[in-house]
Amino acid sequence: MRISAIAPPIRRAISAKSSSYYGIFADPFSLFCLNFHSNDTLFSPNFKRDLSCESEVDDAIFLFRKMVRMRPQPPIFEFTKQLKVIVNLKQYSVALKLFDEMRELGAPVNEYTMNILINCCCLLKRVDIGFAIFGVFFKHGYEPDVTTFTALLKGLFLNGKVAEAEKLFKQLLSLRLCEPNDFTIVTVINGLCKNGHVLAAHDLLCLLEKTIYKPNVMGYSAVINGLCKTEMVDNALELKSRMIDKGISPDVVTYNSMIQGLCDFGRWKEVKDLLNEMVNQKICLTVVTFNILVDSFCKEGNVKEAEDVFEIMTRQNIYPNIVTYNALIDGYCLQGKMDRAKEVFDSITGNGLKPCIVTYNSLINGYCKNGKVDEAWRLFLEVSSKGLEHTTVTYSIMIHGLLSEGRNADGWKLYKDMEARQVHPNLYTCNILLEGLCKTHQIAEAFSFLRVMEDNGLSPNIITYGILINGLCKDGKLEDAKKLLNELPSKGLKPDNHIYAIIIGSLCEEGFVDEAKDFLIKMERSGCAPDSMTYNIIIQGLLKKKEFDKAIPYLEEMHKKGFLADASTSSMLINHLQGSKKNDVLLEMMKKVVPKM
């Protein structure tokens, strides 16, 4: 075993004397006992576990502890079998604690035990501890295998250490540390895609096609899914054709990814073609396939089509799940049909399912968006009684609903409650509160809250500064707004169309149209192309000053870029034409940019 290739990460883990885990190497086989009194939740004696499977976990723990105390002890495979049961229940911290008990009572270990421990650490996003365990076992003569390296690769990707994962995988191939299997290859491809390196995953797939490690359908499906999620649907369709040419048949997972990608772009004819292709290939549509269609129709506002798909599902004995119901509720909420959304919500329990927190979030959001904040609040209070916990999303939706109705005190009270319950606000939550302060002209308080956000480890984004700049402009502090705009590059942020439009609009409202035109030039030079809204704002500013001739070049430019006059611009142009002498040039431009009724 040419293990020296991955020695550096192991050495880093073992030699990290400043780490709270250094104590585990005092007795190499008592890996975790010294850490049960540390502050690290991974090895805390008061570890949390998922109560939804409490009975199964308790049974597994009881049997495991009974085995450990048996004399003679059962063979090692019986212990690993029980550890696997607990891992399959996703109780990784429990498995680690039981291993410690196992070692204290002298139960045997082997390579399989090592792999289970490493996998648990990696799934808990502690790949550093995974490498440390690997090092300890290796020093005691235990040989790693493909399962070991696959777990470590997965851990590196879960921790976002893409470069290290790529390096390790290349070393597995070049130094023949082990023979990668299909699962290893899929782990690497999936890891690259989920970390945003889709093209790298595609290149790796092409490279592996030329080696003895041929990717299987899961490898191709992972890349196709990544391409679809990054809006490269045509590339995904090409890859599907290539895999068929190589004798690899797409499965339902492959088709679902492509259907989702095509639905996102409204390419319904091609969706239909793929569905027909699945039927011809005798690939059964699953609940996931139907959910994609229901959700996509709902997002496009075609709830009737979504209902038809729902009916087809039930006729084919494919039972809708909670995701299906959530999509339908979202669809009705988007159309303002709150009574129908509530009917769907109430029907869930009658179909053997329970609403989840996402279901509640959807309906609460629908009520808030449709101005029914009291109904939203009633549902918000109901969540706890149903054994569910409010999430950051739930609080954010409700706070936004309260602030939108002018119930600012209630919104801030809910924010305080959120913090007290240790539900951590995210940037979206804070931007909602910031906007509420700006809308009520509490600019000083808004900047104070900005500092609180930063102190809490949140990095303001371009939306945050857009809210502040808009607030300054609405409060008549145009110079301060321009100053903040100029500071954005030093904060690593690039002003977008929305922010430029705010400044340009404020300049026009104050009568500084020439300065607004200068900002338009500055905007273009910075690489931010003016959009329809920006042109409409400038043109309206010129029309208000009755500088019609100066407006014509902007109308021409707007037409060249395919933009149309909005309702306000159109109304101002028509009013001018009706109350003044005939202006043929302006009339011709109006014909081009004013939308036809």
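Predicted model: local features only at pLDDT ≥ 70, side-chain atom pairs only at ≥ 80, totals over all residues.
Phe-380 is buried, at a relative accessible area of 3%. Both residues sit in helix 20, which spans residues 373–385. They are three residues apart, about one turn of the helix.

The structure holds twelve aromatic pairs. In the pair of Trp-377 and Phe-380, the ring centres are 5.3 Å apart and the planes meet at 10°. The pair counts as stacked because its planes are under 30 degrees apart.

## Helix 20

Helix 20 has 13 residues. From its first C-alpha to its last it reaches 19 Å, close to the 18 Å expected at 1.5 Å a residue. Its buried residues are Val-373, Ala-376, Leu-379, Phe-380 and Val-383. These cover an arc of only 115° around the axis, so they lie on the same side of helix 20. The face turned away from that buried side carries the exposed residues Asp-374, Leu-381 and Ser-385.

What do the buried residues of helix 20 pack against? Their partners are helix 18 (338–350), helix 19, helix 21 (392–404) and helix 22 (408–420). Helix 20 is followed by Gly-387, which has a positive phi near 75°.

## Thr-359 in helix 19

Thr-359 belongs to helix 19, residues 357–369. Is Thr-359 buried or exposed? Thr-359 counts as buried, because its relative accessibility is 0%.

The side chain of Thr-359 makes a polar contact with the side chain of Asn-326, at 2.7 Å. Leaving aside neighbours within four places in sequence, Thr-359 is in contact with Ile-322, Asn-326, Ile-329, Phe-345 and Ile-348.

## Other aromatic groups

Tyr-535 and Phe-563 form a tilted aromatic pair. Their centres are 6.0 Å apart, with 40° between the planes. Tyr-535 lies in helix 29 (residues 532–544). Phe-563 lies in the loop between helix 30 (548–560) and helix 31 (567–578). The pair therefore ties together parts that are 28 residues apart in sequence. Tyr-535 is buried, with 0% relative accessibility.

One aromatic cluster is formed by Phe-134, Phe-138 and Phe-149.

## Positive phi in two loops

Most residues other than glycine have a negative phi. Arg-176 has a positive phi of about 50° although it is not a glycine. Arg-176 lies in the loop between helix 8 (162–174) and helix 9 (182–194). Arg-176 is exposed, with a relative accessible area of 64%.

Asn-317 is not a glycine, yet has a positive phi of about 60°. Its place is the loop between helix 16 (303–315) and helix 17 (322–334). Asn-317 is exposed as well, with a relative accessible area of 57%.

## The protein as a whole

How many helices and strands does the protein have? The protein has 32 helices and zero strands. Buried residues make up 49% of its 597 residues.

Among contacts with a separation of 6 or more, 62% are between residues 24 or more positions apart. The accessible surface comes to about 30400 Å². Carbon and sulfur atoms account for 53% of that surface.

Methods: Residues numbered from 1 in each chain as written. Heavy atoms only, no water. Phe/Tyr/Trp six-rings, centres within 6.5 Å; stacked < 30°, edge-to-face > 60°. Helix = DSSP H or I, 4+ residues; strand = E, 2+ residues; numbered from the N terminus. Buried < 20%, exposed > 50% of the residue type's maximum accessible area, 1.4 Å probe, protein only. Polar contact = N/O pair within 3.5 Å; in protein donor to acceptor, adjacent residues only side chain to side chain. Contact = heavy atoms within 4.5 Å. Areas by Shrake-Rupley, 256 points an atom, 1.4 Å probe, with all protein chains shown as cover. Expected span 1.5 Å × (residues − 1). Arc of directions from axis to C-beta.
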